[in-house]
Amino acid sequence: MTFSFPKGFWWGTATAAHQVEGNNTNSDTWLLEHVPGTIFVEPSGDAIDHYHRYHDDIALLARLGFNMYRFSIEWARIEPEEGEFSLAALDHYRRMLATCHEHGIMPMVTFHHFTSPRWLIARGGWESKITPDRFARYCERATRHLGDLIGAACTINEANIGPLIVAWGYTPPADVLHQAPWWQATAQALGTRPDQLSSFMLASSPLSTETVLMAHRCGFEAIKAASASKTFPVGITLALQDIQAVPGGETIAAQKRHQINDMFYAHVKGDDFIGVQTYSRARFGPNGLLPPEDGVELTQMGYEFWPEALETTIRDAIAKTGLPVIVTESGIGTDDDSRRREYIRRALGGVVNCLRDGLDVRGYTYWSAFDNFEWMLGYRPTFGLVAVDRKTQVRTQKPSATYLGDIARKNALDSYM
Ligand code: BGC
């Protein structure tokens, strides 16, 4: 059976500045990668040099058949010191946006994707009362320079990532973190105290959640005000897993749904869309998070191959926010590209089910366009539709790139059932 997607459906791929550009040296993440005892398995280095190669990269995405590209602009480059804005950096992103238009691609810009300028973190980062205002000022300045070329915007990527990865046990809770030598070394390098260091991805306290949500609200208003003459949709994105309960785990699963998802849904009123980012499911039993179920295939990330999670999270996001959904990330880290194709086919099957039920889903964005720097795990996980040889920076498209690109071009999915 063939399903035709609504006219104007966005077919995208995504990247984030720090993961692809290279040498994001003024960011907190670069520092975290380099302190003694760092939890990053390797530094990001030149990444895939997208900073210089974006033109050919965007042309390749267009040739593949995509009509949308989601990328982030880097606050640490645009405002390298507090209140000092770099016109050269802003012009760089203007050229990237213009390149998208040249190739018939709608650019979706993320204003904050995990990394922050060092000066912000030195002044209390994501637990400081000044941060929402500083974020809004950056959003305003960047929108004034770039807004006429932006197609859609995400204020903050995965606003709930800090609480989520602590709840899942990927990163230590704050009290353990503050004792870690690498954390203390980072605080020292920034001239702050370990308990006052609050880097986005590792910030999980109620205060950091409040700060992030306030920054979203202020950033949203600033972007809207600065783009008044040519508006575009603005929203936030959330990391959403299909949180399931096995018998006895219902109460914990409900608590986690509240902490990780619903708390954030409550703050998106008035936004133009909600960005859904889903990779897998998480199961809870009476004693908490369960390991992957026996017999279920794992991805390179160690979590379950569970593309069906996307349908559940889209339905939940729409039911709880009433907003249109754009799938701003869906993807898999695997070295077997045929499994990527299967993952995409089944994830898209879920999108089709939602659309057939009349739900307002506006686009599907695959993470990621290119193999890139997967944060603490370095370059080992490969999420890309396009492989990159980091010695030569040669790009090679994988069969899954052709598969998804063809679906995008036809705006239709064959054999989805
Ligand atoms: C993030 C990306 C990350 C991807 C794959 C999302 O949480 O937005 O930066 O690379 O998942 O793990």
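# Close-up views of the predicted model

The lining of the largest pocket comprises 18 nonpolar, eight polar and three charged residues; here Ala, Val, Leu, Ile, Met, Phe, Trp, Tyr, Cys and Pro count as nonpolar, Asp, Glu, Lys and Arg as charged, and the others, Gly among them, as polar. The model is predicted, with local features requiring pLDDT of at least 70 and side-chain atom pairs pLDDT 80 or more, while totals for chains, interfaces and linings use all residues. Residues are numbered from 1 along each chain as its sequence is written, and side-chain values use heavy atoms, with hydrogens and water left out.

**View 1. The largest pocket is lined by 29 residues.** Ile161, Ile165, Tyr170, Met301 and Glu374 are the lining residues that lie nearest the centre of this pocket. A pocket is an open set of points on a 1 Å grid over the protein atoms alone, where a 1.4 Å probe fits, with protein on both sides within 12 Å along at least five of seven lines; lining residues have an atom within 4 Å of a point. Helix 8 (161-167) and strand 8 (273-278) each contribute at least two residues to the lining. Helix 8 provides the largest share, three residues. Helices (H or I, at least four residues) and strands (E, at least two) are DSSP runs, numbered from the N terminus.

**View 2. The second largest pocket is lined by 15 residues.** Those nearest its centre are Arg281, Ala282, Leu289, Leu290 and Tyr303. Strand 9 (residues 281-285) makes the greatest contribution to this lining, with three residues. By class, eight lining residues are nonpolar, three are polar and four are charged.

**View 3. The ligand is surrounded by 13 residues, each with a heavy atom within 4 Å of it.** The closest are Gln19, His113, Glu158, Glu329 and Glu374.

**View 4. Strand 4 (residues 106-112) is largely enclosed by the rest of the structure, because seven of its seven residues are buried.** Buried means under 20% relative accessible area, exposed over 50%, and partly exposed in between (1.4 Å probe, protein chains only). Strand 3 (residues 68-72) runs parallel to strand 4 and is joined to it by five bridges; Phe71 stands opposite Val109 of strand 4. Strand 4 is also parallel to strand 5 (residues 152-156), with four bridges between them. In this second pairing, His112 faces Ile156 of strand 5. Two strands pair if DSSP finds at least two bridges between them.

**View 5. Strand 6 (residues 234-239) has six of its six residues buried, so it is largely enclosed by the rest of the structure.** In a regular strand the side chains alternate between the two faces of the sheet. Both faces of strand 6 are covered, with Val234, Ile236 and Leu238 buried on one side and Gly235, Thr237 and Ala239 buried on the other. Strand 5 pairs with strand 6 in the parallel sense over two bridges, and Ala153 has Val234 as its bridge partner in strand 6. Strand 6 pairs with strand 8, again in the parallel sense, over five bridges. Ala239 has Gln277 of strand 8 as its bridge partner.

**View 6. Ser368 and Trp375 both lie in the loop between strand 12 (361-367) and strand 13 (386-389).** The peptide bond from Trp367 to Ser368 is cis, with omega near 10 degrees. Trp375, a residue other than glycine, has a positive phi, near 50 degrees. Trp375 is buried, its relative accessible area being 5%.

**View 7. Gln393 is located in the loop between strand 13 and strand 14 (394-397).** Its phi is near 60 degrees, a positive value in a residue other than glycine. With a relative accessibility of 9%, Gln393 counts as buried.

**View 8. Gln300 lies in the loop between strand 10 (288-289) and helix 13 (309-321).** Gln300 counts as buried, at 18% relative accessibility. Its side chain reaches the backbone nitrogen of Thr382 at 2.7 Å.

**View 9. Asp175 belongs to helix 9 (residues 174-179).** At 56% relative accessibility, Asp175 counts as exposed. The C-alpha atoms of Asp175 and Pro194 are separated by 9.9 Å, and the two residues are 19 residues apart along the chain.

Technical notes: A polar contact is a pair of N or O atoms within 3.5 Å; within protein, one must be able to donate a hydrogen and the other to accept it, and residues adjacent in sequence count only if both atoms are side-chain atoms.
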